[in-house]
Protein chains: 2
Amino acid sequence: MTDRIKAFVPGPRAHIPGKPGGPLSGLTFAVKDLFDVAGVPTGGGNHDWARANPVPERHAWAVQVLLDAGAELVGKTITDEVSLGILGESAFDGTPLNSAAPDRVPGGSSSGSAAAVAARQCDTALGTDTGGSMRVPGSFCGLYSIRPTHGRLDLTGLMPQAPSSDTAGWFARDARTFARVGTVMLGEAPGPLPTKLLVAVDAFGFADQDVAAALRPMVERLARVLGATPREELMAPQGLSVWARAQRSLQPVEAWQTFKPWIERHNPRMAFSVAAGLIAGSQITAGERNWAALMREEARARLRYLLPPGTILCLPTTPFPAPLRGLPMPALQPMRDRITCLCAQGGLAGHPQVNLPGATVGDAPVGLSIIGARGNDASLIAVAQALEDAA
Amino acid sequence: MTDRIKAFVPGPRAHIPGKPGGPLSGLTFAVKDLFDVAGVPTGGGNHDWARANPVPERHAWAVQVLLDAGAELVGKTITDEVSLGILGESAFDGTPLNSAAPDRVPGGSSSGSAAAVAARQCDTALGTDTGGSMRVPGSFCGLYSIRPTHGRLDLTGLMPQAPSSDTAGWFARDARTFARVGTVMLGEAPGPLPTKLLVAVDAFGFADQDVAAALRPMVERLARVLGATPREELMAPQGLSVWARAQRSLQPVEAWQTFKPWIERHNPRMAFSVAAGLIAGSQITAGERNWAALMREEARARLRYLLPPGTILCLPTTPFPAPLRGLPMPALQPMRDRITCLCAQGGLAGHPQVNLPGATVGDAPVGLSIIGARGNDASLIAVAQALEDAA
């Protein structure tokens, strides 16, 4: 069973009991293999990574927080290679099962954490999100997931990718567990509920029409729960594809800077697609980077303008449900590019975003995202809980 | 012992006795893991290659020829990944031992075949040469090696790389064995001896000065054996670096075309440097390729002019002896580039070239190359034998 699910990294499972009597007592959690667990090599999804890096002596901040709160660690989970991947297919450890749609990919790069929670191997699981790695598997596997405000959580002990966009988050199957973990991670109880609801009309227009149609009832339910009249707005007046281009000119450059010393020293094996992405990052011109940095400022200004505290914006998390497993590379790149058009705002602007499960297209889940003001993570969690309670 | 040598691919050794009573009876041979051996997966130096390709049902032409002549196959040898590498360091199977200089690389991509012969694990071994893969390990390990005239040998059952430059050759420790194998492979006895000797003054000038100095006595010996007065000539009046650039604009484009379908279907793991080379090949412009094709014509014209039958040209096979093992990537690329300046003529013009061992710099071997008229492979082998007999 576990082997079929393929959520955990191969080998003996990391296992650490939580402190007795904490607020998360009775919960089990797994952790993406980018987070340090003391005494366990951090694999990073690439078999040549652990070899080149020392075994950590301390837990990552997020792992320590969950253990201190009483949650029990039950294993480390498969990740897309060095967190570079959005679909969850790993050339090294295989593709974790998407229990909600077994013939489809789980989404990545937090693929194993999503798979473990979806298959009830644990109650919650830590992952990361630089360009969509919490949000996309949340949407594809039908889970609650959060990309917190950039800078809100301590990332100590987490393998970096693109530091100006990196965040750490968690998955859950139900809003109550999602909120319990959130209270501990954020150090803040859920709330307050927002009162204004914006609908990102450009993002809905960009998603597949059946995805937009499947999410509409969720938007209506959300409006009822908040007692708000939805207002349509362009999220990205400059263009979703323009925001995506800016993110694609910033994130891979940082990723290249992060991994270059390791690559130059060790010439590691990588899936061709991952190497190609890093090389693309190394070739981005200074002129393009400079433009992208300015467009990032525009994106930040736009979301700051749209999202004062008390207002949230909703959009399809992904433009389509999970693609089939095992498609060839030329079919995948256009999908990654379309996903980035809906996810780029996270890395660009750093606002908190939560994926709400609840819709399907065909037999596959697809999620609705809500984005709030920077720092208003607990409000988004309150929305998740209120929406589930109202169901 | 064998494990330390690391010449053979891991796993059970391919072993096939030769036909009794043939001209190569009593000789053992190994074969680079790019040649098909019936019933044995062709590994190609990349662990994701065999998975994507059927187990061959027939021997490669060269393997069949050696078996039919009575030689005994004793194993398949490690190769640089999909033959893309010149130094012999493999991220998948490790770096074969250079018995002649154990702290140094063996040279590649026919690294395991050279290592096996150098360590007396077999008498001869098949390899390939597209951009230097027979010549460089011959020079670094102190072995006889040949890059035959392009098109002379049947390459059926050999994994291609850049077909307009691909060739198959063999290694030996002594000229007699080298010639015995040559007689079978070429279907022609050694000879006749050339009567004119050219010295590639640009190539000698380009090599490290201690390499040029170490090879000078070999050139003098060669002149005595042939009864010839050496004449200095520019091999590449347009520039060794210009010829290298042309080859670098032709070979990687063909390599990309060769491996693209596999890569796009399977997204295989590759050493970063190999992926980077293929991506560079995919990015070469049509204008650059068109220029390179014209420069190839000029290189062909130049060698045709310099090398009528009966004349040979000598040059250092490599500009330096084998580099140390385990150097970081940024140190390696300039070395690869310098090697290409001396090796590019092989792929560009397709003339036969033999590496003659016999010189050392410090404790490391370095070889003298002789190049002849197209089709005059047997003359070069005769020179090897005459030189050794005269020693």
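This is a predicted model: local features need pLDDT of at least 70, side-chain atom pairs count only at pLDDT 80 or more; totals for chains, interfaces and linings use all residues.
Me: Why is A:Ser83 called buried?
Reply: A residue is buried if 20 or more other C-beta atoms lie within 10 Å of its own, and A:Ser83 has 31 other C-beta atoms within 10 Å, so the label applies. A:Ser83 lies in the loop between strand 2 and helix 4 of chain A, and its phi is near 65°, a positive value in a residue other than glycine.

Me: What makes B:Asn267 count as partly exposed?
Reply: The label covers what falls between buried, at 20 or more C-beta atoms within 10 Å, and exposed, at 12 or fewer; B:Asn267 has 19 C-beta neighbours inside 10 Å, and therefore counts as partly exposed. B:Asn267 also has a positive phi, near 45°, in a residue other than glycine, and its place is the loop between helix 9 (240-266) and strand 8 (269-271) of chain B.

Me: How do you know that chains A and B have the relation of a two-fold axis?
Reply: Chain A can be laid on chain B by a turn of 180° and a shift of 0.1 Å along the axis, with an RMSD of 0.0 Å, and that is the relation of a two-fold axis. The same surface serves both copies, since 100% of the contact residues of chain A recur in chain B.

Me: How do you know that domain 1 and domain 2 of chain A touch?
Reply: Contact requires C-beta atoms within 7 Å, and 52 residues of domain 1 of chain A are in contact with 50 residues of domain 2 of chain A. Among the elements that give two or more residues to the domain 1 side are helix 5 (135-141) and helix 6 (175-186) of chain A, and the residues of that side divide into 24 nonpolar, 18 polar and ten charged. The C-alpha centres of the two domains lie 19 Å apart.

Me: Which omega goes with the cis peptide bond from A:Gly108 to A:Ser109?
Reply: The omega of that cis bond is near 5°, and A:Ser109 is found in the loop between strand 2 (72-77) and helix 4 (111-118) of chain A.

Conventions: Residues are numbered from 1 along each chain as its sequence is written. Chains are lettered from A and ligands numbered from 1 in the order in which they are written. Copies are superposed by least squares on the C-alpha atoms of residues with pLDDT of at least 70 in both. Two residues are in contact if their C-beta atoms, placed from the backbone, lie within 7 Å. Domain bounds come from an automatic or database domain assignment. Helices (H or I, at least four residues) and strands (E, at least two) are DSSP runs, numbered from the N terminus. Ala, Val, Leu, Ile, Met, Phe, Trp, Tyr, Cys and Pro count as nonpolar, Asp, Glu, Lys and Arg as charged, and the others, Gly among them, as polar.
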